[in-house]
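Welcome! Here is a short tour of one protein model, taken one topic at a time. Keep the structure open beside you as you read.

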Amino acid sequence: MLIAIEGIDGSGKGTQARLLADALKQRGLSVELLSFPRYDETFFGAAVGRFLNGEFGSLAEANPYLVSLLFAGDRFESRQLLHEKLQSNDLVVLDRYVSSNIAHQGSKLPVEEQQALFDFVEQLEFEVYGLPRADLNILLDLPAETAQELISLKNARSYTEKSHDLQEADRDYLESVRQTYLAVAKRHAESWRVVSSLVEGNLRSIEEISDELLTLAVQAADS
Ligand code: ADP
């Protein structure tokens with residue numbers, strides 16, 4: 001089973017993917033974790049790092065179709081690894097997957113042009129590159145403002161010297177990615193679950209959110 005943890009930058013994906021993998025292991029399942037982009041492991045991952053570091057122009061300058069090729073290329077180079085992990089484990093938990101490409105690149109286009117990009121990315125990643133579809137996508141939802149506060153807490157990253165990379169620095173961009181994610185999750189409700197990180201305006205604890213993720217993963221595994 002393939003579970004993808006999705007959400008905007010700073011939404012807690014890395015934290016929650018790790019905790020979910022650990023919790024599932026404690027229940028006796030064999031679980032592996034994989035995080036995309038693989039900045040330090042693949043040719044395209046390194047190119048994504050350069051893009052996020054601003055080396056290929058601003059967010060508005062870089063054509064979203066062309067940018068999607070970088071993120072997809074990173075997964076293409078990781079396809080064998082992903083297949084091996086899926087074959088030798090009960091579950092693989094992903095910190096970002098194909099839907100990140102869909103939400104991020106789609107959000108750069110007017111709503112009426114988004115579906116064509118969604119179709120392009122799905123055809124590229126699932127059909128041309130033969131990547132497996134996720135059985136369950138979990139969206140960690142929170143406002144861009146809160147996400148940016150959490151990004152400030154993050155440790156230094158290998159691909160940039162900046163505290164906030166190209167996407168992380170742009171609140172309007174993050175908020176539009178959030179809205180695109182929510183629309184995608186609503187449209188594909190059968191394979192998506194939305195977990196709110198805020199309750200009545202307050203950030204929920206990491207443990208509380210992780211308990212909810214475990215419940216969702218166990219439900220999906222049992223069905
Ligand atoms: P992402 O992988 O989505 O960019 P991270 O998992 O790296 O996000 O989380 C960003 C930062 O926010 C980390 O320092 C993490 O410990 C912190 N964080 C994540 N979720 C919460 C939460 N619910 N409450 C407090 N801090 C959090």
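A residue is called buried when its relative accessible area is under 20%, exposed when that area is over 50%, and partly exposed in between. With a value of 10%, Asp141 therefore counts as buried. Please keep in mind that this is a predicted model.

**A buried residue in a strand**
- You can find Asp141 in strand β4, which covers residues 136–141.
- Which residues does Asp141 touch, if those up to four places away in sequence are not counted? Its contacts are Arg178, Leu182, Val194, Val195, Ser196, Ser197 and Leu198.

**Aromatic rings**
- To describe a pair of aromatic rings, we give the distance of the centres and the angle of the planes.
- There are seven aromatic pairs in the structure.
- One of them joins Tyr65 and Phe120 in an edge-to-face arrangement, at 4.9 Å centre to centre and with 80° between the planes.
- Why does this pair tie together parts that are 55 residues apart in sequence? The reason is that Tyr65 belongs to helix α3 (residues 64–77), while Phe120 belongs to helix α6 (residues 111–128).
- Are these two residues buried, exposed or partly exposed? Tyr65 has a relative accessibility of 25%, so it counts as partly exposed. Phe120, at 31%, also counts as partly exposed.

**A charge over a ring**
- Look for Arg75 next: its charged end sits over the ring of Phe36, 5.7 Å from the ring centre.
- Arg75 also takes part in the contact between helices α3 and α5.

**How α3 packs with α5**
- The axes of α3 and α5 are 10 Å apart, and the two helices pack at an angle of about 165°.
- Angles over 145 degrees count as roughly antiparallel, so α3 is roughly antiparallel to α5.
- Their crossing is right-handed.
- On the α3 side, the contact is made by Pro64, Val67, Ser68, Phe71, Ala72 and Arg75. On the α5 side, Val98, Asn101 and Gln105 make it.

**How α5 packs with α8**
- Helix α5 (residues 98–106) also packs with helix α8 (residues 171–187), at an angle of about 120° and with the axes 8 Å apart.
- This angle makes α5 oblique to α8.
- The crossing of α5 and α8 is right-handed.
- Which residues meet where these helices pack? From α5 come Ser99, Ser100, Ile102, Ala103 and His104, and from α8 come Tyr173, Val177, Thr180, Tyr181 and Val184.

Terms used
Residues are numbered from 1 along each chain as its sequence is written. This is a predicted model: local features need pLDDT of at least 70, side-chain atom pairs count only at pLDDT 80 or more; totals for chains, interfaces and linings use all residues. Side-chain values use heavy atoms; hydrogens and water are left out. Rings of Phe, Tyr and Trp (its six-membered ring) pair if their centres lie within 6.5 Å; planes under 30 degrees apart count as stacked, over 60 as edge-to-face and the rest as tilted. Helices (H or I, at least four residues) and strands (E, at least two) are DSSP runs, numbered from the N terminus. Buried means under 20% relative accessible area, exposed over 50%, partly exposed in between (1.4 Å probe, protein chains only). A charge sits over a ring if NZ of Lys or CZ of Arg is within 6 Å of the ring centre and within 35 degrees of the ring normal. Axes are lines fitted to C-alpha atoms, for helices over the stretch in contact, and angles run from 0 to 180 degrees between N-to-C directions. Angles under 35 degrees count as roughly parallel, over 145 as roughly antiparallel, 65 to 115 as roughly perpendicular and the rest as oblique. A crossing is left-handed if the near helix is turned anticlockwise from the far one by less than a right angle, and right-handed if clockwise. Contact means heavy atoms within 4.5 Å.
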